[in-house]
Amino acid sequence: MGREKAFATVRNRTIISRIITQLTPQVDRILINANGGEERFWEFGLQLIADVLPARTPLAGLHAALSAAGVRGFHAVLTVPSDAPFLPADLVLRLKSSCEDAAIASSGGQQHFLTGLWSPKLRQTLELALGQSQPPRLQDWARSCRAAVIDWPMEPYDPFFNVNTPEELAEAERIAAEFGL
């Protein structure tokens, strides 16, 4: 894409600002997991947390978030990718309704492992997994935690649509224009 996907714009708003706007009424606090170049996020006025462990996997970011949650006394951690401009307004409510230690979103038969609600008590288990010579993939670890899978409809558009290519950015523009997002 030539730039960090979080800063791509859909209808003149960055994807990250869309995510922050959508999540603000759903959560008590938003933290951004980022490594290096923290100044790129300063305009949002949110606390940044870096990975604690050196593992190069999305699980390292989840570990950092679960570690921060434990220190701050949070009851749960919501994770979302930085390239999903249309997150649903009922994301936390529906994930939380699973009454499990972990719950992930699903749409159109596809599980979205980065979009999940996680109990901070999973931190130690995750830390052990990341300490292995071959750490698990996010989806394998989520399955090992028996994460509940909560399904969303794909109509009128996929709420977990990801922007990974210029073509997908153009499609996000079309969706946002058509549905007034």
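Predicted model: local features only at pLDDT ≥ 70, side-chain atom pairs only at ≥ 80, totals over all residues.

Residues are numbered from 1 along each chain as its sequence is written, and side-chain values use heavy atoms, with hydrogens and water left out.

**Stop 1: Phe 41.** Select Phe 41, in the loop between strand 3 (31-33) and strand 4 (47-49). Helices (H or I, at least four residues) and strands (E, at least two) are DSSP runs, numbered from the N terminus. Phe 41 counts as buried because its relative accessibility is 4%. Buried means under 20% relative accessible area, exposed over 50%, partly exposed in between (1.4 Å probe, protein chains only). Now show its contacts (heavy atoms within 4.5 Å). Beyond four places in sequence, Phe 41 touches Glu 4, Phe 7, Ile 16, Ile 32, Ala 34 and Leu 48.

**Stop 2: the aromatic pairs.** Rings of Phe, Tyr and Trp (its six-membered ring) pair if their centres lie within 6.5 Å; planes under 30 degrees apart count as stacked, over 60 as edge-to-face and the rest as tilted. The count by this rule is 7 aromatic pairs. Phe 7 lies in the segment before strand 1 (9-10) and Phe 41 in the loop between strand 3 and strand 4, so the pair ties together parts 34 residues apart in sequence. Phe 7 is partly exposed, at 21% relative accessible area.

Next, select Trp 118 and Trp 141. Their ring centres are 5.8 Å apart and their planes at 35 degrees, so this pair is tilted too. Trp 118 sits in strand 7 (residues 110-118) and Trp 141 in helix 5 (residues 138-144), 23 residues apart. Both Trp 118 and Trp 141 are buried.

Then pick Phe 86, Tyr 157, Phe 161 and Phe 179, a cluster linked by ring pairs.

**Stop 3: the cores.** A nonpolar core is a set of buried Ala, Val, Leu, Ile, Met, Phe, Trp, Tyr and Cys residues joined through side-chain atoms within 4.5 Å. Which residues have the most contacts inside the largest one? Select Val 10, Ile 16, Phe 86, Leu 95 and Trp 152; this core has 31 residues. Helix 1 gives the most to this core, with 5 residues. A second, separate core of 24 residues includes Ile 49, Ala 68, Phe 113 and Ala 147.
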